[in-house]
Each structure stands twice: as structure tokens, then as C-alpha cells.
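Hi everyone, thanks for coming. Let's have a look at this one together on the screen.

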Amino acid sequence: MAPIVEINGLSFTYPGIDGHPPPGSKPLIDDLSLNIDAGDRCLLIGSNGAGKTTILKILGGKHMVEPHMVRVLGRSAFHDTALTSSGDLCYLGGEWRREVAFAGFEVPIQMDVSAEKMLFGVAGIDPQRRAELIKVLDVDLSWRMHKVSDGQRRRVQICMGLLKPFKVLLLDEITVDLDVLARADLLKFLRKECEQRGSTIIYATHIFDGLDDWPTHIVYVAHGKLQSAMPIEKVKEMSKLSLMRTVESWLRRERDEERQRRKERRAKGLPEYEQQIDGSRVTGDPAFIAARPLNNGWAGGRLHSTIAGEESSFFSSNRVLRQ
Ligand SMILES: Nc1ncnc2c1ncn2[C@@H]1O[C@H](COP(=O)(O)OP(=O)(O)OP(=O)(O)O)[C@@H](O)[C@H]1O
């Protein structure tokens, strides 16, 4: 059977202000390949900034990549909008503070509207599934969305997001606001969806509480590259530690290796970070380099750069970079 999610040599860089990646810049996601099968519950792990959200957004069709690089249910998520509008592919991300995602649409939730109106206002939903979700997430239908707590609002959002039976669910750390009980019940529900309906879930998280026996696979990314993708049994065979401690040891090793790399570059008199952008050698904090497309150039950031062989430290601007 063909994999449900196929990632083939995925490379991605955020576009600059002109809508294109800065020429010659290092890809943020770099040559990543991975297959995920029906029924898999895949935990996507990695340190802050590793690229997890970016990968999930690409899979969810929110960023354009070449169609052959990412196939979900055999289709290109970005180009085939029916994938999300049908509810087959569902992305629930941490960014919906003020919105609720539903089958590809985003609805503002800061207005005075009841949970009942939101959950019963959606046509074509199986009433049994809706009732089960309301119970699992313990939603009080009389809640007014503009008055509830973050966690309560989040429960209604998740409930809305899961109303349509999904085939592929992308979860970008959506359980942060949930209390222990709500989180445990939600994880149990999601597991059942995979076991009974063959749904596939990719879940990016930093919270490992109650997750030891939940995933079927662990996918670890660092600096936009795939480090490992293993069935959970293999992870448990390799490490006798809890999942949290195992992941902690991986991230610690990654950080130590990065520190060592920087130390060695300093010892050789080389800048810690270096990148080619627009044909210039740019050195400096990668956060500033990454910020270029966001900030309309380098403006506002103090950047220590070597451009065309000349060391300089300046409040940078696009103009300086392009000299
Ligand atoms: N819209 C954007 N434009 C440019 N760069 C971005 C954008 N969004 C994220 N980045 C950069 O992409 C890199 C990966 O970010 P991403 O959000 O995918 O990481 P993450 O693994 O989800 O991190 P976290 O665990 O902190 O949520 C970061 O270095 C970030 O600065």
C-alpha cells in the first residue's frame, strides 16, 4: 500500500520580501525524505527552531513547494485545496489564538458566540461524533467564547477542528493550554481514531507527559534535516530511559555538538556562523539572517558581518547587504 504521507527530498526556504527565497541562501528544510503509513501516530520532535512547524505547515498545504516533494493521500496539499476543505487533511496549529480552523477555513472566535452555536452551526456533521467530542473535551455548550479561559477556548477549538473525520491530522502543539485530564482524554480519542479508522497523525510537541505509549513512530529533526525516524519499539530497544529522557539526551547531544562546532570555528579565527546570501558571505547570528525575509531586509538588527572580505558591525539594511 502506498504511504499516506510521502516526503521526497523536501527543501524549503521562507520567501523574502520579493516573494522568492534569498538567492543562494541555505535551505531551512534540507533534503528531507520520509514516508508515513496509514494508522501511524508519529511524534515529531526537535529543539526550538528545528523546523517542525514549517514541516507541518508544508504538509498542511500552507506553504508552496514543488508538488513531487510532498504528497498527502497521493495529492499535493498546496495545489489540491479539496484535501483540506473536505476535512481529509486537517491542520491544528498553535497559531490559532483568535481563530478556529475548520476544514481549511478560519473563523474568528473573539466575538460573543456560544460554544453550542459554534459546534452545532456546522452542517453535515455526524451527531454521534460531535457528541463524543463534546464529552471527550468536556465542553460546556453554554460557554461564551469571548469570556472563557484559554484552555476552555482551546477545547472548543480542538472540538471544532476534529468534527469532520480526518484521514491525516497534523497537530502542532495544541495541548499546551489543556489540563492533564483533557489532554489524556484527547490523546486516547486520537489513538482510537488511528486504530479504528486507520487515520494518520503527525504531532509536534515538547510535552512528553503521558506520551510514552502513545506514538507508533518517533521522527527527530535538527536544523531542518531528518536525524532519525524510528518505530517506538526501536527507540525503546535503544534506550531504557523514558521517552522524555531519551529525547532530552538527543537534544543535549545536539546542543553540545553545536557548541563544539562554534568553539572550533572560534579557535580557527572563523566566524561562528556563515552563509552565502545574494552572492555575499554573511556572518552573524543566524536569527538575524533568518529574519531577513521577515524584516524587510536587515533593518533593526545589529549584525556583525563580513561582506566582500570586509569586517563590519552595523545596524544593517538591505542596501548595505547588496553593496
Ligand atoms: N515566516 C517565517 N519567515 C522566515 N523565517 C521563519 C518564519 N517562520 C519561521 N522561521 C524560521 O524557521 C526556523 C524554523 O522555525 P519553526 O517554527 O519551523 O521551528 P520549530 O521546530 O517549530 O520550533 P519551536 O519548537 O520553537 O516551535 C526558525 O529559525 C525560524 O526563525
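Before the sheet, a quick word on terms: two strands pair if DSSP finds at least two bridges between them. Strands (E, at least two residues) and helices (H or I, at least four residues) are DSSP runs, numbered from the N terminus. Please keep in mind that this is a predicted model, where local features need pLDDT of at least 70, side-chain atom pairs count only at pLDDT 80 or more, and totals for chains, interfaces and linings use all residues. Residues are numbered from 1 along each chain as its sequence is written.

Six strands make up an open sheet with mixed pairing, in the order 5-8-9-3-10-11. Strand 5 (89-92) and strand 11 (225-231) are at the edges with a single partner strand each, so one side of each has no neighbour in the sheet.

Let's walk in from strand 5. Strand 5 runs parallel to strand 8, joined by four bridges, and leucine 92 has leucine 171 in strand 8 as its bridge partner. Strand 8 (residues 168-172) then pairs with strand 9 (residues 200-204), again in the parallel sense, over five bridges. There, aspartate 172 has alanine 204 of strand 9 as its bridge partner.

What covers the burial side of things? I call a residue buried if 20 or more other C-beta atoms lie within 10 Å of its own, exposed if 12 or fewer, and partly exposed in between, with C-beta atoms placed from the backbone. In strand 5, Leu89 and Tyr91 on one side and Cys90 and Leu92 on the other are all buried.Over in helix 5, ten of the twelve residues are buried, so this helix is largely enclosed by the rest of the structure.
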